[in-house]
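Colleague: Could you walk me through how to read a few features of this model? I would like the general idea each time, and then the case at hand.

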Amino acid sequence: MLSEFDDSIPNHMPQQEHEADSRSSNEPSSTESQKPAVLKTYVEVPEDLPTHATRWKFRTTMDGYCLASRGRWTLQGLGVLFLLNLFWNGVVLLVSWEALLKPGIERFNIDWLMKAAFLSIFGVIGLFLLLLLILELVEPFHTRTWEYGNVLIVCRLAWFGIGYTWAYPRQRLARIDVTYLPRVDLPENEPGKRRRKQNRSNSQQLKPYEKASRIFTLALISANDEVVCTWDGLNLEECDVIGPSLLWIDRQLS
């Protein structure tokens, strides 16, 4: 981008520098590439609270409404992680026993320390797999709660009742946008980087399998065109339920 000081640039600047500046000005910045794209917008308020069959449960509170969800096991994910841990950590333990811990092996010499340093790399990977398995096992104790009240919008994320809480001042909503982070298309002459798919900015450019597999974010927009808060980690089916429901709840509390 040219600034107000561009007139002071000497006329004898090499041609290569001009070309480099031109290329850099045409390249998309990281900030622009991370700008969310809007898939759809909810504006119309339904007459009744939409019925749904999602993981989110609706209930009324003394101050307004509450939407809560609880994590669930996935048999496929749990089975894959269990088999990975059984194979990887079993092999690492067996090799470590034979190379480092078996009775009669001389320890803490140079050869032993080199073997221990080498096997520690595989041990760290095994600990990471074990952590993923533990997180999957405790997923049913992972709760996420949104309380939509007259004054505040409160989000709480917790495991076993212990977690974090965020609060946002409630404002009257004008619309709710469904957003996602689009992929960006890197320049063809960029060395060492793999080109990605072209930036998609509307729903027609998202294929059906992408709509089903992507994670979307609900952006609650006020009448002043300000983002009140964002509700991330939703699939498109949940967005189609929660978006109109929040508009209905907002009108009920107004």
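Colleague: Where is Arg 214 found?

Modeller: Helices (H or I, at least four residues) and strands (E, at least two) are DSSP runs, numbered from the N terminus. Arg 214 sits in the loop between α5 (208-213) and β8. Before we go on: this is a predicted model, where local features need pLDDT of at least 70 and side-chain atom pairs count only at pLDDT 80 or more, while totals for chains, interfaces and linings use all residues. Residues are numbered from 1 along each chain as its sequence is written, and side-chain values use heavy atoms, with hydrogens and water left out.

Colleague: Is Arg 214 buried or exposed?

Modeller: Buried means under 20% relative accessible area, exposed over 50%, and partly exposed in between (1.4 Å probe, protein chains only). Arg 214 counts as buried because its relative accessibility is 12%. Its side chain reaches the backbone oxygen of Leu 181 at 3.2 Å.

Colleague: And which element holds Thr 217?

Modeller: Thr 217 lies in strand β8. Thr 217 has 19% relative accessibility, so this residue also counts as buried. For contacts, look for heavy atoms within 4.5 Å. Leaving aside neighbours within four places in sequence, Thr 217 is in contact with Asp 177, Val 178, Thr 179, Thr 230, Trp 231 and Asp 232.

Colleague: Which residues touch the most other members of the largest nonpolar core?

Modeller: A nonpolar core is a set of buried Ala, Val, Leu, Ile, Met, Phe, Trp, Tyr and Cys residues joined through side-chain atoms within 4.5 Å. Here the largest one has 30 residues, and Leu 218, Leu 220 and Trp 231 touch the most other members. The elements that each supply at least two residues include β1 (37-42), β8 (216-222), β9 (227-234) and α6 (236-253). The top contributor is α6, with eight residues. Not counting residues up to four places away in sequence, Leu 218 touches Cys 239, Ile 242 and Gly 243, among others.

Colleague: What is the strand order in the open sheet of five strands?

Modeller: Two strands pair if DSSP finds at least two bridges between them. The order is β2-β3-β4-β5-β6, with antiparallel pairing. β2 (57-60) and β6 (162-169) stand at the edges with a single partner strand each, so one side of each has no neighbour in the sheet. β2 and β3 pair over four bridges, and Phe 58 has Leu 67 in β3 as its bridge partner.

Definitions and conventions: A polar contact is a pair of N or O atoms within 3.5 Å; within protein, one must be able to donate a hydrogen and the other to accept it, and residues adjacent in sequence count only if both atoms are side-chain atoms.
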